[in-house]
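Please look over the two chains shown below before reading on. The report then goes through selected parts of them.

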Amino acid sequence: MNALFADVVWSDIALATLDTMIMVTVSLALTVMIGLPLGLALFLTGPGQTWANRGVHGTLSIAVNILRSLPFIILLIVLIPFTLVLVGTSLGVPGAIVPLVVGAAPFFARLVEAALREVDRNTIEAVQSMGASTRDLVWRALLPEALPGIIAAGTVTVIALVSYSAMAGVVGAGGLGDLAVRYGYQRFQTDVMVVTVALLIVVVQCLQMLGDRLVRHFSRR
Amino acid sequence: MIRINGVHKRFAGGSGAALCGVDLAIDAGEVFGIIGRSGAGKSTLVRLINGLERPSEGHVTFNGIDVAALAPPDLRRLRRRVGMIFQNFGLLSSATAAQNVALPLRLASTPASIRAAKVAELLDRVGLADHADKYPAQLSGGQRQRVGIARALATGPDVLLCDEATSALDPETTRDVLALLAALNHDLGLTIVLITHEMDVARQICDRVAVLQAGQVVELGRTVDVMIDPQHPETRALLADTVSRDPALAQFDGQVVRFTVHGDAATAPLISAITRETGADLTILDGRVGRLRNTAYAQMTLGIAGGDTAAALAMLAQYGRVSA
C-alpha cells in the first residue's frame with residue numbers, strides 16, 4: 001500500500017476531500033436559493049404564462065445566457081473584484097464559493113425552467129380555474145409537480161459543481177481537483193492523480209445515485 | 001346566466017382571429033353544448049367564461065358581472081363559482097385523489113375539519129370512495145375524470161365548464177361520465193357548458209347546442225332540432241362525421257340519399273310501405289335510430305334502385321327530410 005502510493009500524503013487527501021465537500025455543499029445550497037427563484041421567474045414571465053412579460057423575460061434570459069457562456073475558469077478570474085467586495089477575500093474556499101454560485105445558478109435556473117415547462121398545461125389551468133393566486137399556483141402545483149425534475153436538475157448541477165470546484169485551486173481554494181493538478185500533474189506524482197481521480201469518480205457516482213433515488217421517491221407518474 | 005356579447009379574440013402573434021363576433025346566452029340549469037372542429041375556437045370561448053382568457057373585444061358576463069373587468073381577487077372568487085374539467089384531466093400527479101379534491105377547498109381556506117368530510121362526500125358522489133388514497137397514475141381514465149369532476153364541484157359552483165372532457169375516454173367510459181354529468185345537472189341544478197368535437201356527446205346530454213366554425217356561431221338551437229334538421233353545411237358535415245363512411249356507398253348501383261325522420265313516423269314501417277307502393281328496392285346503407293330528449297328519430301343513408309325511384313323519393317319526402 002505504502003509502496004504503491006509513496007507520494008500520497010493521506011492527510012492532504014482528507015483535507016482536500018473536506019474542502020471539496022464544503023465548497024460543493026455550500027455552493028449547492030446558495031445555487032438552489034438563487035437558481036430556483038430565477039428559474040421560476042424565467043418560467044412565469046415566459047410567453048403564455050401568468051406573468052408573461054417579454055421585457056423581463058428577455059432581460060433575465062440574456063443575463064443567464066451571458067453567465068452561462070463564460071467558461072468557469074474565466075468567470076473565476078473575472079469575478080475576483082466582485083468576490084472581494086462580497087466576502088472580503090477572493091482567496092480560499094470562501095473566495096471560490098462566489099464564482100461557483102455565479103457559474104452554477106444560471107445553469108440550474110435553466111434546468112428548473114425546463115422542468116416547470118414539463119408540468120401539464122391542463123394542470124396549471126385547472127389550478128388557476130379553481131381560484132388560485134400565483135403564489136398558490138407556485139407552491140401547490142408548480143413546485144410539487146416539477147419536484148422530480150427539479151431534483152434531477154439539482155443532481156446535474158451538483159456534479160457540475162464538483163467539476164467546477166477542481167478549478168478553484170486557481171484562487172487557492174484547494175480541494176481534490178487542485179490536488180490532482182498540483183501534485184499529480186505538475187509534480188508527476190501519478191499515484192496522487194490516481195487517488196484523487198478515483199475519489200472524484202466515487203463522489204460523482206454517489207451523488208448521481210442519491211439523486212436518482214430521490215427522483216424515484218418523489219415520482220408519482 | 002352567462003352572456004357572451006360581440007366577443008372577438010385575437011392572439012398576439014397568431015394568424016387571424018380565434019373568435020370573431022360571438023353572441024351567446026346560456027341559461028341557468030341547462031346543459032349547453034358548443035360543437036366544432038379543433039381550431040374552431042371552442043376552447044378559447046369556454047376560457048372566457050372563467051377569465052382564463054380575456055376577450056379582445058366585446059363582453060362576457062356571469063350573473064351580470066363583466067368577467068374581464070374583475071380585479072384579480074374578485075376573479076379568483078368568481079372562479080370558485082365556476083368549476084372546470086379538462087380533456088387531460090389536469091390532476092396533480094403528485095397528489096392523491098383525495099388531495100386533488102381537497103385542493104380547491106384549501107385554496108378557499110376551508111377549515112381542515114370540514115374539508116375531510118367534504119372530500120369524502122365528493123368522492124362518494126362520483127363513485128370513488130374506495131380510491132381516495134390512490135395517485136392519478138394508479139387510476140383509469142374514467143376514474144381520473146371523476147376525480148376531476150369531484151374537484152371541480154368542491155367549491156359548490158353554479159356552472160361546470162367541460163373542455164373536451166370525454167375526448168380522451170373510450171365510448172363506454174364516455175357514456176358513464178356523461179351520465180354522471182347529466183345526474184349532476186338534474187340533482188344539483190348545475191349549469192353545464194360542454195365543448196366537444198363529437199356530435200354523439202352533444203346528442204347524449206345537451207339541451208341546446210351552438211355550432212362553432214372558424215370563430216363564429218353558425219348554428220344555434222335545441223339539440224333535437226339541430227340534430228334532426230341541421231341548417232348549416234358545417235353542422236351537416238359534423239353530423240356526417242359521426243356516421244361511418246362505408247365504401248359500399250360509392251359503389252351502390254342506384255340513387256343514394258340521406259333520410260331523416262322523427263316523431264311517430266320514425267317508428268312506422270316506411271320502407272316496406274314504399275317498396276310495396278312503388279316497386280323500388282330500398283337498401284339501408286347506413287343509419288341510426290334512437291331517441292333525442294324523448295323524441296324518436298331515425299337517420300339513414302338509403303340506396304334506391306329499380307321501380308319508380310321518383311315516387312319512392314316523393315314518399316320519403318312526405319315522412320321526413322331527404323337530402324343528397
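B:Arg10 stands opposite B:Ala17, a residue of strand E2 of chain B. The model is predicted, so local features are given only at pLDDT of at least 70 and side-chain atom pairs only at pLDDT 80 or more, while totals for chains, interfaces and linings use all residues. Residues are numbered from 1 along each chain as its sequence is written, and chains are lettered from A and ligands numbered from 1 in the order in which they are written.

**A sheet with strand E2 of chain B**

Strand E1 (residues 2–10) of chain B pairs with E2(B) in the antiparallel sense, over seven bridges. Helices (H or I, at least four residues) and strands (E, at least two) are DSSP runs, numbered from the N terminus. Two strands pair if DSSP finds at least two bridges between them. E1(B) and E2(B) belong to an open sheet of four strands, in the order E2-E1-E4-E5 (chain B), with antiparallel pairing. Strand E2 (17–26) and strand E5 (65–66) of chain B each have a single partner strand and stand at the edges, so one side of each is left without a neighbour in the sheet.

**The two chains in outline**

| Chain | Helices and strands | Span of the C-alpha trace along the principal axes | Buried residues |
| B | twelve helices, 14 strands | about 75 × 45 × 30 Å | 44% of 324 residues |

A residue is buried if 20 or more other C-beta atoms lie within 10 Å of its own, exposed if 12 or fewer, and partly exposed in between, with C-beta atoms placed from the backbone. Two residues are in contact if their C-beta atoms, placed from the backbone, lie within 7 Å. Among the contacts in chain A with a separation of 6 or more, 69% are between residues 24 or more positions apart. In chain B, 68% of the contacts with a separation of 6 or more are of this kind, with residues 24 or more positions apart.

Another open sheet of four strands in chain B has the order E12-E13-E11-E14, and its pairing is antiparallel. E12 and E14 of chain B stand at the edges with a single partner strand each, so one side of each is left without a neighbour in the sheet. From one strand to the next, the twist averages 20°. E11(B) and E14(B) run antiparallel and are joined by three bridges. B:Arg258 stands opposite B:Ser323 in E14(B).

H12(B) lies across E11, E12, E13 and E14 of chain B and runs at about 20° to E11(B). Axes are lines fitted to C-alpha atoms, for helices over the stretch in contact, and angles run from 0 to 180 degrees between N-to-C directions.

Which residues of helix H12 (residues 309–319) of chain B are buried? They are B:Ala312, B:Leu316 and B:Tyr319. Seen down the axis of H12(B), these buried residues fall within an arc of 60° (the arc of the directions from the helix axis to the C-beta atoms), so they line one face of the helix. An α-helix has 3.6 residues a turn, so residues three or four places apart point the same way. On the other side of H12(B), B:Ala310, B:Ala317 and B:Gln318 are exposed. The buried residues of H12(B) pack against strand E11 (255–262), helix H11 (270–278), strand E12 (281–292), strand E13 (295–305) and strand E14 (321–323) of chain B.

**Glycine 221 of chain B**

B:Gly221 is in strand E10 (residues 216–222) of chain B. B:Gly221 has 16 other C-beta atoms within 10 Å and is therefore partly exposed. Leaving out residues up to four places away in sequence, B:Gly221 touches B:Arg208 and B:Val226. B:Gly221 and B:Ile274 are 53 residues apart in sequence, and their C-alpha atoms are 32 Å apart in space.

**Helix packing in chain A**

Helix H1 (residues 10–44) and helix H8 (residues 176–185) of chain A pack at an angle of about 135°, with their axes 7 Å apart. That makes H1(A) oblique to H8(A). Angles under 35 degrees count as roughly parallel, over 145 as roughly antiparallel, 65 to 115 as roughly perpendicular and the rest as oblique. In this contact, A:Asp12, A:Ile13, A:Ala16, A:Thr17 and A:Thr20 of H1(A) meet A:Leu176, A:Asp178 and A:Leu179 of H8(A).
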